[in-house]
Amino acid sequence: MLYISKWKATAILLTALICCLFAIPNFFPESTVQRWPKWAQRHIVLGLDLQGGSHILLQVDANDVRRQKLQALQDDVRKVLREARVGLSRAPFIRGNSVEVVVRESDVQQALSKLRELSQPLGGLMGSAGQRSISVENAGGGVIRLIVTEPAILERTRQVVDQSVEIIERRVNAMGLVEPSIQRQGIDRVLVQVPGLGNPEELIKVIGTTAKLTFRLVDNSMTAEQALQGRPPPESEILYGSKAENRQPYLLEKRVIVSGEELTDAQPGFDQRTGEPIVSFKFNTSGARKFAQVTQENVGRPFAIVLDDEVISAPVIREPILGGSGQISGNFTVESANNLAILLRAGALPAKLTVIEQRVVGAGLGQDSIEKGKLASYFGAALVVLFMVATYGLFGVFASIAVAINVGMIFGILSLLNATLTLPGIIGIVLTIGIAVDSNVLIYERIREEVRTGRTPITAIDAGFTRALATILDSNITTFIAAAVLFFIGTGPVRGFAVTLGIGIVTTVFTAFTLTRVIVAWWVMWARPRQLAIS
Amino acid sequence: MRLHRSIPLLRIVPDDTKFDFMRFRRISFPASALLSIFAIFLFFFHGLNFGIDFIGGTLIEVQSKSGPADLARMRNTLGGLGLGDVQLQQFGGPENVLIRVAQQPGGEEAQQAALAKVRQALGNEVEIRREEVVGPRVSKELLAYSTIGLMLAIFAILIYLWFRFEWQFALGAMIANVHDLVLTIGYMSLTQIDFDLSSIAALLTILGYSLNDTVVIYDRIREMLRRYKRMSMPDLLNISVNSTLSRSIITHVTVTLALLALLLFGGHAIHSFVATMIFGVVLVGTYTSVFIAAPILIYLGVGTTRVEASEPAASAHPART
């Protein structure tokens, strides 16, 4: 057992060495590391709690997704039934999770068969295979009910999140932030992390805005005040102006002339006459054609530019706008004009996003934490080494070497995985030092006991290792289970703790089983002790 | 027999220590039961000082730019914002203040609005070092996940021990470790340490460590059970605990040294985490594995069938006591 073949020893040492080597890039500045070959560039990423930065978790508004889905279905139902020339007793309307329509009794069967065509099989993601997007029911009395199924909403939510990630990426990049990370999290969430950003107010404003831009005509059939008191015409609705305009109500046609999707460009600028900040924009060809047509027909009428159900401005059309470009003015500051331009260029979010968690660490605090973490680690390590050497003498030195290599390997593996090191992660490493020492203590104590039963040094060492290793494995697996659970339930910093603790346990078991044995075996072969200093 | 050495090595536990640990079970069991009841009582009637991770709300750490922070004035300014319960607390040095704003009614957006108000009220006199906003949805989830996680960990470990040992050992370890967690939670309630996500990490680590200890002793007990088939259970447990005592103490001293370094130099951010760890690992974990986990095996009926099953040959091994 104590005898370890040269090949085995070489393999063990090489593994440990290679693991440790991967930690090297962490000790060089980034600019140096970038000139190295790709495979050698992997390094530990500092968590936001150490380098400072913003962590923002957003959730897609499920109700918004549901409402959009139902509105789209309502439009489809209307269109399908009109094309099929089905007589309606009542136009399609939304009730709860479904769209209902009342048709003439004689047309029910025809309407049902046409409407069933709207229902589509869902893609096979997340167990929705075999399900359909809509279930169509005949509720009797000419009432047909179309229910949007939960899997369909789920699938739509996933799409919304995917699109949102893309759009947020464009927006954040346009803001000129360094190394932002935007990821989907779970089914309906987006996680935005920006290192180094100490004040995310602006960022949240930019990513939290839906930015649905529409150009619509103002309904002149009655004033907004009349509409407020009575009832707005069915094809129009009331929207309000911005706070700066005292939330003035406007009566607008629901029909959209052109929407933000048809913009090709938007830039902040200044009005040539008044000098106030504006956003100038350009339509694509079809947008420009539509806009030209409507403005030609409606000279002298006001139209409204609406952003997320808020009227930003409502200018009067003085002359047809044929070139497909124009400008929006409306109480902008330089900053808000700039932000709006970014939003318009990046496109609208497909649904509303809400910030549900926000964690920000300033760069100063992060730096403090690193310094303190380092200091505590050095002190902890020094105390442990001193104590081990005082207790075990030469064997304490062996243990310290093994623990040092152990820590080197943890850093190497963390680098290899491009893992994130958080403050709790540093705690995890310090605790690993404790566990790693324990494995050595277990071995040495066992050897001492074996010596006391009268064995010779070599058989005592041999027996000590064999017996202690079983215990080490058992005790480390239990701790590993705790670390694994922590990894799966934890987020952010706590997960960082679980990662270092888990890796630490693996390297501890590795070093205890191999490295410590190689060191002790070599010493035994070299010193040929007749007695052990350890006892 | 002794080697000549220039520096004598520390001998923390003398060889051949024969301390009668098992006799103390008549004290340790009632004492632990009482303490556990007290801890549970504390938990229900004194409660934990839940951080924003679990109850939602806003936490802001600020540093005054000009000398010590004027806590009274800040309390006045922030108290007048109409945000309900606003707590201020000195944190670390005299310049640093931790501000906690209770969760606002009105869902996720209301939290953002509250943060904006506080920021505006604080103005330029302070530097914001950290801000955390946890909405109602996330805090509920975190609490649920953490509770499930703790249960899951205990359960997974129980299953593992059941496979590795006999069920009595698994049950004994389970009782011992739930005891550890209960006492630690009692400590957290008594000291009103912030209970947040890192506390869950602390609890899980304590669980892992204290199991680690228990498993080391159980391993030895199992070995002794095979070796000494005629020895009485209390004697056998005493031998097992005594023979692992040196290891237990050396290991705990090293872990304590590492934790002390963290406590002294690790800064305020990890202070409550480390304090909890020291209580759980050092004070409770060590005591539990020796005075609870081992003697409980007597009551769980480990080794009762041993003597009948033993063969005469087994007595050839002399007992070492």
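Which residue stands opposite Ile144(A) in β6(A)? I looked, and Val101(A) is the one.

**Ground rules.** I am working with a predicted model, where local features need pLDDT of at least 70, side-chain atom pairs count only at pLDDT 80 or more, and totals for chains, interfaces and linings use all residues. Residues are numbered from 1 along each chain as its sequence is written, while chains are lettered from A and ligands numbered from 1 in the order in which they are written.

**Around β6(A).** I took strands and helices as DSSP runs numbered from the N terminus (strands: E, at least two residues; helices: H or I, at least four). I counted strands as paired if DSSP finds at least two bridges between them. Strand β4 of chain A (residues 98-103) runs antiparallel to β6(A), with five bridges joining them. The β5(A)–β6(A) hairpin has two residues between its strands, and Gly141(A) takes a positive phi near 65 degrees.

Next I checked the faces of β6 (residues 143-148) in chain A. I called a residue buried if 20 or more other C-beta atoms lie within 10 Å of its own, exposed if 12 or fewer, and partly exposed in between, with C-beta atoms placed from the backbone. Ile144(A), Leu146(A) and Val148(A) point to one face and are buried.

**Cores.** A nonpolar core here is a set of buried Ala, Val, Leu, Ile, Met, Phe, Trp, Tyr and Cys residues joined through C-beta atoms within 7 Å. The largest has 213 residues, and Ile433(A), Leu486(A) and Ala258(B) touch the most other members. Apart from it I found another core of 17 residues, including Leu146(A) and Val148(A).

I then followed Ala258(B), with contact meaning C-beta atoms, placed from the backbone, within 7 Å. Leaving out residues up to four places away in sequence, Ala258(B) touches Gly380(A), Val384(A), Val430(A), Leu431(A), Ile433(A) and Gly434(A).

**Whole chains.** Chain A has 15 helices and 19 strands, and 45% of its 535 residues count as buried. Chain B comes to 11 helices and six strands. Its radius of gyration, taken over C-alpha atoms, is 25 Å, well over the 20 Å of the globule rule for 321 residues, so chain B is more spread out than a compact globule. For my own reference, that rule is 2.2 Å times the number of residues to the power 0.38.

Technical notes:
Contact = placed C-beta atoms within 7 Å.
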